[in-house]
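Here are my notes on the model, point by point. Please keep the structure open while reading them.

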Amino acid sequence: MKTRKQSYGNKNSVGRNIERLRKERGIKQKDFIAQIQVMGCDMNPTSYSKLEGQVRTATDKEIFVIAKILDVAIEDLFNN
């Protein structure tokens, strides 16, 4: 597993868990972004990378869609 180039920010509390869950499932970032887009959430690679890195806020719609794709409860994205 690749290591993170930059440390995490503090703009959201879900990014780190989203990254961990995505990687545990073996989903590449570009494929995950494509799934997010198919679910009706407009997101580009830069925006998604910032979400995972916790340097931008996550919207409620994004959290809902990401939880659906990862097949987890929304609460699981907030667990430390």
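1. Helix 2 passes helix 4 in a right-handed crossing in this predicted model. Helix 2 covers residues 29-38 and helix 4 covers residues 60-70. Their axes come within 10 Å and cross at roughly 115°.

2. Which residues make this contact? From helix 2 they are Phe-32, Gln-35 and Ile-36, and from helix 4 they are Val-65, Ile-66, Ile-69 and Leu-70. Sorted by class, the contact of helix 2 with helix 4 has six nonpolar residues, one polar residue and no charged ones.

3. Helix 2 also packs against helix 3, at an angle of about 105° and with the axes 10 Å apart. Because angles of 65 to 115 degrees count as roughly perpendicular, helix 2 is described as roughly perpendicular to helix 3. On the helix 2 side the contact is made by Gln-29, Phe-32, Ile-33 and Ile-36; on the helix 3 side it is made by Pro-45, Tyr-48, Ser-49 and Glu-52. By class, the contact of helix 2 with helix 3 has five nonpolar, two polar and one charged residues.

4. As a reminder, an α-helix has 3.6 residues a turn, so residues three or four places apart point the same way.

5. Helix 1 spans residues 15-24. Its buried residues are Gly-15, Asn-17, Ile-18, Glu-19, Leu-21 and Arg-22. What do these buried residues pack against? They pack against helix 2, helix 3 (45-52) and helix 4. After helix 1 comes Gly-26, whose phi is positive, near 70°.

6. Asn-17 is found in helix 1. Is Asn-17 buried or exposed? The cut-off for buried is under 20% relative accessible area, so Asn-17, at 6% relative accessibility, counts as buried. Leaving aside neighbours within four places in sequence, Asn-17 is in contact with Asp-76, Leu-77, Phe-78, Asn-79 and Asn-80.

7. One of those contacts of Asn-17 is Asn-79. Asn-79 lies in the segment after helix 4. With a relative accessible area of 42%, Asn-79 is partly exposed, whereas Asn-17 is buried. The C-alpha atoms of Asn-79 and Arg-16 are separated by 9.9 Å, although these two residues are 63 residues apart along the chain.

How values were computed. Residues numbered from 1 in each chain as written. Predicted model: local features only at pLDDT ≥ 70, side-chain atom pairs only at ≥ 80, totals over all residues. Heavy atoms only, no water. Axes fitted to C-alpha atoms, helices over the stretch in contact; angles between N-to-C directions. Helix = DSSP H or I, 4+ residues; strand = E, 2+ residues; numbered from the N terminus. Left-handed = near helix turned anticlockwise from the far one by under 90°. Contact = heavy atoms within 4.5 Å. Nonpolar A, V, L, I, M, F, W, Y, C, P; charged D, E, K, R; others polar. Buried < 20%, exposed > 50% of the residue type's maximum accessible area, 1.4 Å probe, protein only. Parallel < 35°, antiparallel > 145°, perpendicular 65-115°, else oblique.
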